[in-house]
Structures are given as structure tokens and as C-alpha cells.
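Please look over the model below before reading on.

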Amino acid sequence: MGNHNGFNIQTLSASVNLVANADTWIEGKAIQQLQKTAELEGVVKAAGMPDLHPGRGYPIGAVFLTKNKIYPALIGNDIGCGMALWATDIKVRKANLDKFEKRLASIDEPVTSDWQDFIFERYQEKALSPNGFERALGTIGGGNHFAELQQLEQVIDEALVGELGIGQNHLVLLVHSGSRGLGERVLRAHVDRFGHAGLDVASDEFNQYIQKHDKAIKFAELNRELIAMRMLETLHAKGNQVLDVNHNLVTEKSIDNQSHWIHRKGATPADCGLVMIPGSRGDYSYLVKPNADPEVNFESIFSLAHGAGRKWMRTECKDRLSKRYRKADLEKTALGSRVICKNKALIYEEAPEAYKSISSVIDAMQDAGLIDLVARFKPVLTYKTNGGC
């Protein structure tokens with residue numbers, strides 16, 4: 001094991017790299033999954049990000065480059081999961097969290113009929129057709145999904161921040177959500193028919209999967225847009241989308257004039273401009289500029305971490321934390337922000353302690369030469385769910 005060409009990217013084998021420095025903690029099982037998955041037929045290269053952690057058979061925070069085949073199971077069931085960043089007109093000094101929490105009480109419910117014309121227009125623009133998941137549009141979902149009001153806390157690249165129209169006097173809104181069941185149905189249809197086998201890119205089955213995959217991507221993007229618009233309307237605020245980047249998807253990439261396919265599961269594209277990389281709900285989020293160097297990009301398969309990455313399995317969290325924290329304690333963070341999460345199991349599963357430090361993930365990517373920092377944001381109000389159980 002060593003570093004590659006002067007970049008701090010570890011070489012685990014001829015075809016497997018790991019973006020990690022000496023301080024990056026990564027569970028051994030995740031590395032085993034990364035290496036095992038790299039053995040699949042057609043996989044040319046694999047890379048683990050510093051937020052790498054074990055998944056159900058395949059790792060999360062990983063990227064796989066294939067030729068002639070794709071593997072839907074490597075993308076997972078939440079096709080199109082990603083991050084959208086919105087600039088808002090909510091003044092930092094006027095942010096009243098008690099008032100905000102009361103106003104947000106209804107956004108777990110399906111959108112009202114007032115939104116139907118807007119949804120219809122977006123369906124037309126995106127060439128989408130009814131799929132049975134419309135009631136979920138504009139809702140965040142469970143797991144690690146969230147909508148978070150954030151404050152610009154540190155500016156590193158003033159010019160880029162200025163171009164985005166983000167200022168220190170107004171909050172931004174970061175939305176993390178996906179295709180709300182549609183992606184799961186697409187994967188389930190594939191697994192029911194083919195198991196975990198890949199699809200030959202010359203086959204009709206490949207074309208059918210890609211069509212469904214691409215529609216799930218568009219559905220996820222619309223879902224994030226609706227979440228943001230709905231949340232801003234509820235808070236009597238306005239805003240505009242600055243970024244929207246998917247991190248669960250498969251995309252075609254020409255390398256050495258040959259067609260390849262990049263599978264990302266919890267990995268942010270490094271070839272589509274600026275991206276947000278959030279920490280846990282009690283940690284900072286970073287706006288970063290990917291390095292355009294083609295050599296280092298190839299070693300990381302044109303990808304970055306998508307967040308802090310889990311340290312603990314969800315099933316462990318309550319036992320680890322319940323003796324130290326009451327539910328009410330977890331509704332406030334060390335950074336002074338508030339968390340709206342009425343689901344008792346989820347608030348323990350998503351505790352900041354269950355995640356790696358975002359600074360360790362960012363440091364590993366900086367050491368690897370993958371990113372330049374643009375700005376740092378701190379959480380103000382994180383919305384998970386008002387649904388209790």
C-alpha cells in the first residue's frame with residue numbers, strides 16, 4: 001500500500017484506491033467491501049472516499065468505473081439522492097427558531113393542490129410521466145435526509161462566494177433528499193429479474209434500466225426543488241437555487257476515447273463544478289471547488305466524499321447514547337443549532353456522534369489534492385421530521 005504519484009491517495013491494489021490520510025478512520029469491513037466489489041466483471045477501477053463506510057453488501061462513499069457493463073446494485077435504491085443549495089432572503093439577525101419550528105409543522109404532509117400546476121409544468125419540462133410516487137414529492141424522507149438552514153461562517157474564496165449571491169447576512173438552505181421510493185422500485189425491478197448481476201451496455205435491458213434511472217434522477221431533483229420552495233414559503237421567505245448535485249447515480253464518461261461508466265453510491269461528482277459537502281447535523285458544511293487536474297481526478301474516479309460518513313451502525317446508536325443523552329438534549333447541538341426530529345429512534349441514529357468529523361474528511365481530500373475550499377457554513381436549524389414514534 002502506498003501513495004499515488006505524489007498525491008495522498010492510497011493504493012490498495014492495482015485497481016483500488018483509497019482517499020485517506022493517516023488520520024482518516026475507516027472501518028475494515030468497508031475496505032473489504034470495496035476490494036471485493038472491485039473484482040466484479042467489467043470493473044476497471046474502484047475508489048473509496050474518506051467517508052467510506054459499510055453498506056448492505058456494497059460500500060457507501062465509493063465509486064466504481066466499469067467498461068461494457070453496469071451494475072444497478074452499486075448505485076443502490078435511492079437513485080438521484082443528492083444535495084441542493086439555495087440562497088435565501090432570511091436575515092441572520094431575524095432568524096427566530098421558535099417561530100420557524102411552529103411554521104414547519106406541516107411539511108411532512110403531501111403538498112397541497114396549490115402546487116399541482118407547478119408540478120405539472122416541471123413534469124412537462126423534465127419529460128416525466130405519473131409514477132405513483134407523486135404524494136411523496138416535496139417531502140424529505142427518513143434516514144440521513146434533511147433540510148437545513150445554515151449561516152455562512154467563513155469565506156475562503158470571496159470571488160466565488162460573491163458570484164453565487166451568498167452573503168453573511170442571510171441564511172442558506174441545504175436540502176439532502178432523493179427519489180422517495182421511485183429509485184427503490186427501479187432497483188427492485190432489476191433485482192427481481194437479474195439479482196445482483198450487471199447489464200451489458202449493448203443490451204435492451206440496459207437501455208430500459210437507464211431510461212428508468214434517468215427519470216428517477218429528474219424526480220429526485222424536482223423533489224429537492226419542491227422541498228426548498230415549500231419550506232421557504234412556510235417560513236414566508238424567498239430564495240433561489242445555487243447548486244444541485246446528485247451523488248447516487250451512474251453516468252457515462254469517455255476516457256482515452258473509450259466509453260466507461262461511473263457508479264457513485266454516496267460520492268459527489270468532481271466534474272460538475274462547485275459542490276457542498278455537509279457534516280452531521282452538529283457539524284459544519286463546506287462549499288468546495290474540485291481540482292480540475294485530470295490525473296488526480298482519474299485516481300479518485302472524478303469523485304469526492306458526499307458527507308461525513310457514518311461511524312456507527314444505526315442499530316447501535318440508541319444503546320450507545322441513551323444513557324448520556326435524553327431526546328431533548330439531542331435537539332440542540334454543540335454549535336448552538338436546533339434539530340427538529342420528533343422520531344425518537346431517528347434522532348439517536350442521526351446523532352452527531354454517529355458520524356465522522358467532517359474536518360477529517362475535508363482534510364483527507366485536501367491532502368489528496370482533490371479540492372480547494374470556498375466557504376464554511378454552520379447549521380442553524382436542521383429539519384428531519386415532525387412525525388413522532
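The points below cover the helix, the aromatic pairs and the charges over rings.

1. Basis. This is a predicted model: local features need pLDDT of at least 70, side-chain atom pairs count only at pLDDT 80 or more, and totals for chains, interfaces and linings use all residues. Residues are numbered from 1 along each chain as its sequence is written, and side-chain values use heavy atoms, leaving out hydrogens and water.

2. Helix α6. Helices (H or I, at least four residues) and strands (E, at least two) are DSSP runs, numbered from the N terminus. Helix α6 covers residues 204–234, 31 residues in total. Its expected span, 1.5 Å times one less than its number of residues, is 45 Å, and the end C-alpha atoms are 45 Å apart, which agrees. Just after α6, H236 has a positive phi of about 55 degrees.

3. Aromatic pairs. There are 2. Rings of Phe, Tyr and Trp (its six-membered ring) pair if their centres lie within 6.5 Å; planes under 30 degrees apart are stacked, over 60 edge-to-face, the rest tilted. W115 and F118 have ring centres 6.2 Å apart and planes at 75 degrees, so this pair is edge-to-face. F206 and W261 are also edge-to-face, at 5.2 Å centre to centre and 75 degrees. This pair links distant parts of the chain: F206 sits in α6 and W261 in strand β13 (residues 258–265), 55 residues apart.

4. Burial. Buried means under 20% relative accessible area, exposed over 50%, partly exposed in between (1.4 Å probe, protein chains only). W115 is buried at 10%, and F118 is buried at 16%. F206 is buried at 6%, and W261 is buried at 9%.

5. Charges over rings. The test is NZ of Lys or CZ of Arg within 6 Å of the ring centre and within 35 degrees of the ring normal. K253 lies over the face of F302, 4.4 Å from the ring centre. R376 lies over the face of Y284, at 3.8 Å.
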